[in-house]
Amino acid sequence: MPLKDQNREQDVLIVGVTGRRHIVKESLDAVEIATRKALRAICASIPAGTRVLLASGLAVGADSIAARACVEESAADETFPMRLRAVLPMSLVKYRDDFKGDELQDFETLLASAKEIVELPEAKDFDRIAQYSKLRDYLVERADILLAFWSGDESEVKPGGTVDVVLSKRRVFQQEGRGAILSIATPELKRVREQDGTKRYEPEEGVDAGRIVLERFGREESALRLEKILKDR
């Protein structure tokens, strides 16, 4: 499935991860089960011996759910070919500031389990949002399959955010006539700002948590096989 061009790595299948940070707690079990199903389906759809890397920023929420599933599946089954590539949107020193308490401990554990670690270069005038956009660019340029944890709502696009990544990657796949986006329905806690300036969080409604939707672009053999596997399971 990997396309051989200047932006893609040869002899490796890259599965990029993008998704929500603040996931509705009651939906976590369904999302985690769907994640393992999706990762196993991807691995079953590719030729034996293919090198597979899950590219994750290890952020709280979807990134860490996918990364943990990858690490645990490979530990439990030596034939599971996928390994974790941690793609940090900035230097490790700065990125650690994104995590607190148990979140930081979980991050360090996943980082230690990564097969590879990539730190994206920082601009001279450091800007955190710009760095997350660099992670978007990395996924858009390199991922052969995109694993997206979201509700499918495209109405709110933030630079470097989940919707931005999905829409950007979809355009690339459409242009190339290849690739696949696997979306796992993931309801999030949406931030609502009151008139007095205070904030509260409301669970996103109408999302069938854990439902997997495949968007296939083109008729590559591996993508067609992935489609069939997901329908049969």
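Mentor: Let's start with two helices: H1 passes H2 in a right-handed crossing. Keep in mind that we are looking at a predicted model.

Trainee: Which residues make the contact between H1 and H2?

Mentor: On the H1 side they include Leu28, Val31, Thr35 and Leu39, and on the H2 side Ile65, Ala66, Ala69 and Cys70 are among them.

Trainee: How do you know that the length of H2 agrees with what a helix should span?

Mentor: H2 has 15 residues, 62-76, and at 1.5 Å a residue they should span 21 Å. The C-alpha atoms at its ends are 21 Å apart, which agrees.

Trainee: Why is H2 called largely enclosed?

Mentor: Buried means under 20% relative accessible area. By that cut-off 11 of the 15 residues of H2 are buried, so the rest of the structure largely encloses this helix. Among the buried ones are Ala62, Asp63, Val71 and Glu73. They pack against the helices H1 and H4 and the strands E1, E2, E3 and E5.

Trainee: What about E2, is it enclosed or open?

Mentor: Enclosed: 5 of the 5 residues of E2 are buried, so E2 is largely enclosed by the rest of the structure. Val52, Leu54 and Ser56 point one way and Leu53 and Ala55 the other way, and all are buried.

Trainee: Which residues stand opposite Val52 and Leu54 of E2?

Mentor: Leu13 stands opposite Val52, and Val15 stands opposite Leu54. E1 and E2 pair in the parallel sense over 4 bridges.

Trainee: What makes E4 and E9 edge strands?

Mentor: Look at the whole open sheet: its 7 strands have the order E4-E3-E2-E1-E5-E6-E9, and the pairing is mixed. E4 and E9 are the edge strands, as each pairs on one side only. On average, neighbouring strands here are turned by 20 degrees against each other, direction ignored.

Trainee: And how do you know that E7 and E8 count as paired?

Mentor: Pairing takes at least two bridges. E7 and E8 have 5 bridges, in the antiparallel sense, so the pair passes that test. One example is Arg191, whose bridge partner in E8 is Tyr201. In this hairpin, 5 residues lie between the strands, and Gly197 takes a positive phi near 95 degrees.

Trainee: What makes the phi of Leu58 worth a look?

Mentor: In general, most residues other than glycine have a negative phi. The phi of Leu58 is near 65 degrees, a positive value in a residue other than glycine. Leu58 is found in the loop between E2 and H2. With a relative accessible area of 1%, against a cut-off of 20%, Leu58 is also buried.

Trainee: One last question: why does Ser133 count as buried?

Mentor: Its relative accessibility is 12%, under the 20% cut-off, so Ser133 counts as buried. Ser133 lies in helix H5. Leaving aside neighbours within four places in sequence, Ser133 is in contact with Pro159 and Gly160.

Technical notes
Residues are numbered from 1 along each chain as its sequence is written. This is a predicted model: local features need pLDDT of at least 70, side-chain atom pairs count only at pLDDT 80 or more; totals for chains, interfaces and linings use all residues. Side-chain values use heavy atoms; hydrogens and water are left out. The expected span of a helix is 1.5 Å times one less than its number of residues. Buried means under 20% relative accessible area, exposed over 50%, partly exposed in between (1.4 Å probe, protein chains only). Contact means heavy atoms within 4.5 Å. A crossing is left-handed if the near helix is turned anticlockwise from the far one by less than a right angle, and right-handed if clockwise. Axes are lines fitted to C-alpha atoms, for helices over the stretch in contact, and angles run from 0 to 180 degrees between N-to-C directions.
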